[in-house]
Amino acid sequence: MPPRTRPTPAQEPEKLNEVGTDELREWFREWLAANADRLIPYREPEPASYEEADELHVGLLLLLAEAGWSLIGWPESIGGLGGNLVLRGVVYDELAAAGYVLPERCYPVEILGPTLLRYAPDLAVSYLPGLITGAEMWCQGFSEPEAGSDLASLRCRATERPGGWVVNGQKLWTSNAQMSTKCVLLVRTGTPESRHRGLTMLLVDMNTPGITVNPIRSAAGANHLCEVFLDDVEVPADRLIGEVGKGWEVAMYLLQFERGMYAWMRQAVLHHRVELVRHQMPGPPGDLEAAVLGEMYAAVSTLRARTASTLSRLAAGARLGPEASIDKLLLSRAEQCVTDGARRLLHPAVETGSGEWAAYWRSAWYFARAATILGGVAEVQRSIVAQQLLGLPR
Ligand SMILES: Cc1cc2nc3c(=O)[nH]c(=O)nc-3n(C[C@H](O)[C@H](O)[C@H](O)COP(=O)(O)OP(=O)(O)OC[C@H]3O[C@@H](n4cnc5c(N)ncnc54)[C@H](O)[C@@H]3O)c2cc1C
């Protein structure tokens, strides 16, 4: 019997106001089954080349946007279908569980999109449609060579001129800058000593003269990260996100979504990876293997439970506080636990294996090493938990 099909969210957006997560899950599963042939190119493992994988992702994002799945939870003013952010989380969850790639382009959507909506609604209406449909990739220019954990010391400077700013400086570890059309850029507009009080957030076109992007090849062989140089880069006045001197507030707002939806999407990927390991193991698990699998499953399940509740809080409009550092620690632990487990149970895939699955696990293992660094290093997160949540001395 052919799989049942019902109208897509794009055809029936009003349904999103009444549907719950379980029903949406079922609805999306039916769509995946009905479109299985069209979705074949997007099954994991994806191409080892970062740029080729991104090209492929655009095709998948187009299908998801046409059917409306990726537009759930975004306001109509930016081309969304309305409904709840948690419902979009279900779509990511099911996509990964069914063995499809979760496009890299979705991460900046989830982190930068809500920030623009909150702090620059006019820019959001003009530019977010291109981001949420996956037509564009954007990047986040915060870190610098001397300013990572100590972000408030950043030096990239924007000088006000009639009609806008001129930006000079350098950013480092900017994910996907080489493929991005826009950058959400944190710059100094105050004095060098002003720390977090002298920062401002701008939306910059990456094709503006004066921007040079150099990809950095990672140990995993991917050009994921970049260094970005800005020399006399002109940014129009209307590209301000939030207020002048309030860039820190915007950055902290943005960070919540890195802790919320980003972590939720990663748990979806990791959950699927535990299943992959189970199926790719050379034989039935003995006691030792079962213990490793159990540890992997526990790490991901803990993360899942935690981020599900964080996502619901964000959807209800809550502001996350220092407790979000727990989510970040659980995420980095799960990333490393799952890939370390895969390395043990699928030996020698990570070390010396050949073929596309070995490349997949090797790349995943390397990426997980950085999980305790990106988005805030684990040491700082532990200090936040110790001092601000547990009240321990500095
Ligand atoms: C995969 C990946 C993607 C990234 N993507 C982006 C991006 O898109 N945009 C962007 O702006 N940045 C990005 N980053 C940069 C990331 O935000 C920084 O690497 C991170 O904030 C740490 O800064 P740092 O590298 O300067 O290390 P540092 O801050 O110099 O820290 C180095 C080490 O020093 C120790 N340390 C530092 N401070 C403390 C402290 N207060 N207490 C205890 N120990 C401490 C820790 O051991 C830490 O690991 C990315 C990084 C990675 C790895």
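Visitor: Which residues does Arg 273 touch, leaving out those up to four places away in sequence?

Guide: Welcome! In this predicted model, Arg 273 touches Arg 266, Glu 335, Val 338, Thr 339, Tyr 360, Trp 361 and Ala 364, once residues up to four places away in sequence are set aside. Arg 273 is part of helix 8, which covers residues 261-280.

Visitor: Is Arg 273 buried or exposed?

Guide: A residue counts as buried when its relative accessible area is under 20%. Arg 273 has 8%, so it is buried.

Visitor: How is the chain divided into domains?

Guide: There are three parts: domain 1 spans 13-103, domain 2 spans 138-246 and domain 3 spans 260-389. Between the centres of domain 1 and domain 3, taken over C-alpha atoms, the separation is 22 Å.

Visitor: How do I read the interface of domain 1 and domain 3, and how much area is buried there?

Guide: The general idea is that interface size is often given as the accessible area lost when the parts come together. Here domain 1 and domain 3 bury about 1,300 Å² between them, with 73% of that on carbon and sulfur atoms. In terms of contacts, 15 residues of domain 1 meet 16 residues of domain 3.

Visitor: How many salt bridges cross that interface?

Guide: The rule finds one salt bridge there. If you look at Asp 93, you will see that it forms a salt bridge with Arg 304, and their closest N and O atoms are 2.8 Å apart.

Visitor: What does UniProt say about residues 139-233?

Guide: An unreviewed UniProt entry gives them the annotation "domain: Acyl-CoA oxidase/dehydrogenase middle". In the model, this span is 0% helix and 48% strand, and its end C-alpha atoms lie 16 Å apart. The record also lists residues 245-390 as "domain: Acyl-CoA dehydrogenase/oxidase C-terminal", again from an unreviewed entry. Those residues are 78% helix and 0% strand, with 32 Å between the end C-alpha atoms.

Visitor: Now the backbone, please. Which peptide bond next to Pro 45 is cis?

Guide: As background, most residues other than glycine have a negative phi, and most peptide bonds are trans. The bond from Glu 44 to Pro 45 is cis, with omega near 0°. Pro 45 sits in the loop between helix 2 (36-39) and helix 3 (50-67). Another cis bond joins His 347 and Pro 348, where omega is about 10°. Pro 348 is in the loop between helix 10 (324-345) and helix 11 (349-352).

Visitor: And where is Trp 173?

Guide: Look in the loop between strand 3 (164-172) and strand 4 (182-188). Trp 173 is not a glycine, yet its phi is positive, about 60°. Trp 173 is partly exposed, at 49% relative accessibility. Arg 195 has a positive phi as well, near 50°. Arg 195 lies in the loop between strand 4 and strand 5 (199-205), and at 35% relative accessibility it counts as partly exposed.

Methods
Residues numbered from 1 in each chain as written. Predicted model: local features only at pLDDT ≥ 70, side-chain atom pairs only at ≥ 80, totals over all residues. Heavy atoms only, no water. UniProt positions renumbered as here; feature names shortened; annotations may be inferred. Helix = DSSP H or I, 4+ residues; strand = E, 2+ residues; numbered from the N terminus. Domains from an automatic or database assignment. Contact = heavy atoms within 4.5 Å. Buried area = accessible area lost by both parts, 1.4 Å probe. Salt bridge = Lys/Arg side-chain N within 4 Å of Asp/Glu carboxyl O. Buried < 20%, exposed > 50% of the residue type's maximum accessible area, 1.4 Å probe, protein only.
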